[in-house]
Amino acid sequence: MNETIIKEIVREIVYKVSMSLDMETGDNGVFEKVEDAIDAAYAAQKLWYTKYKMEDRRRIIEAVRAAARENAKMFARMIRDETGMGRYEDKVTKNLAVIDKTPGIECLTTEAISGDSGLMIEELAPFGVIGAITPSTNPTETIINNTISMIGGGNAVVFNVHPGAKKVCAVCLQILHKAIVENGGPANLITMQREPDMEAVNKMASSPKIRLMVGTGGMGMVNALLKSGKKTIGAGAGNPPVIVDDTADIKKAAREIYRGASFDNNLLCLAEKEVFVMESVADELIRNMCGEGARLITEEETARLLEVVFKKKNGVYSVDKKWVGKDAGIILESIGIHDMECRLIMCQVPHDHPFVLVEQLMPVLPVVRCKTFEECVQYAVIAENGNRHTASIFSKNVDRMTRFAKEIETTIFTKNAATLVGVGIGGEGHTTMTIAGPTGEGLTCARSFTRRRRCMLADGGLRVI
């Protein structure tokens, strides 16, 4: 018997042990009750951590990537059909980005210090079972990304998905679950409750078997998790401002802003949400944006659009969620403009307009004219609202880039490119859908979902000098 056959036998034994546990086995990781999903994931994680090696993690993660890649187009179609948000071709791009550019175990590095007093090593160990909340804006993308990162760190995951994307999320999880099991991994390493709800989130947050909560979505959800008493990694909302100064390459600025703000109908929380441009180059920027395909609407049309896509209660504006992620052409139809080819709507507004101050998640881009660069920075910081998520600038002045970066303090800061590059879509660096600005982990990867453990060997042992 060669080594390969022996490994296959061991994997089969481990799989049968995991499947014979005295509990509800679920439907390829999908359970009717969250309690069963938690119990199953807890048992699976024990096997994952104690019976599998790092090379097993690498191999199984590659199988997850392959299965997700094979179904990326199907996921994109299902998301579009179920949620009614975004653009099919951009969803394919997002899925492929997390499949190909989410790090696996390669970011789990060991640190060692050797000296006269002995040897110290610090390694990255799993938390155990993670409770992960995922959004409807990036449903399968977040599940794929979190699965690779979290099981890469040695954890199991119980997902509570957004109800608006529960069907595609269940299909995605089952496909990934099947890939894990068919490649010798333990059953129920990733699980979810079939019908997601807040009660399930509360049970996850209170379960002693879940050691870490991870939330990707709005700040209300993140703040609720932070109050759970569990360690929480929170990826909250953003309202990313863009500054264009009078030294910028205006044609490039227009091309990149259009690309980022129109991508998937502006559903990404890191997408450009408002532009602050210096007066001297404002007309040129708008003209070039229109040349890229954006449509500039009038002041009167802007006022009508505000009444349609926003709600106002007690003087406070909020987005009417039925318009989130809709095509620009459909949004224009609501105010009597027929232009179904349009991908991005532009409007010129003052710096305190609701389109500027409220995160929209729609392909509507407000443009604010500013007299000076200092004014651009001032208004951009106000619009970003302390989310510390994402911001960008188009400039050839390094001092201005540096000043804005220090003032805005965002997790992602891009210069002279669409903010998409900040998560590796057309740029360097890894991709993630869980950008943990509120809790400080930043662009998460497997390392983010581990805890440091130190091991000491005293009295100079193992040293050769």
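Where is the place of Asn 188? Asn 188 sits in the loop between α7 and β6 (190-193); helices (H or I, at least four residues) and strands (E, at least two) are DSSP runs, numbered from the N terminus.

The model is a predicted one, in which local features need pLDDT of at least 70 and side-chain atom pairs count only at pLDDT 80 or more, while totals for chains, interfaces and linings use all residues. Residues are numbered from 1 along each chain as its sequence is written, and side-chain values use heavy atoms, with hydrogens and water left out.

Asn 188 is not a glycine, yet its phi is positive, at about 70 degrees. Leu 361, in the loop between α14 (354-357) and β15 (364-370), is likewise not a glycine and has a positive phi of about 60 degrees.

| Residue | Relative accessible area | Class |
|---|---|---|
| Asn 188 | 4% | buried |
| Leu 361 | 17% | buried |
| Cys 342 | 4% | buried |
| Cys 347 | 0% | buried |
| Thr 142 | 0% | buried |

**Helix α4**

Helix α4 (residues 72-83) has 12 residues and reaches 16 Å from its first C-alpha to its last, close to the 16 Å expected at 1.5 Å a residue; the expected span is 1.5 Å times one less than the number of residues. Its buried residues include Ala 72, Phe 75, Ala 76, Ile 79 and Thr 83. Seen down the axis of α4, the buried residues fall within an arc of 100 degrees, so they line one face of the helix; the arc is that of the directions from the helix axis to the C-beta atoms. The face turned away from the buried side carries the exposed residues Lys 73 and Asp 81. Among the elements covering the buried residues of α4 are α3 (54-70), α5 (88-101), α6 and α7 (166-182). Gly 84, with a positive phi near 70 degrees, follows α4.

**Thr 142 in α6**

Thr 142 belongs to helix α6 (residues 139-152). Leaving aside neighbours within four places in sequence, Thr 142 is in contact (heavy atoms within 4.5 Å) with Thr 134, Pro 135, Thr 216, Met 433 and Thr 434.

**Cysteines**

A search of the whole structure finds 0 disulfides, a disulfide being a pair of cysteine sulfur atoms within 2.5 Å.

Definitions and conventions. Buried means under 20% relative accessible area, exposed over 50%, partly exposed in between (1.4 Å probe, protein chains only).
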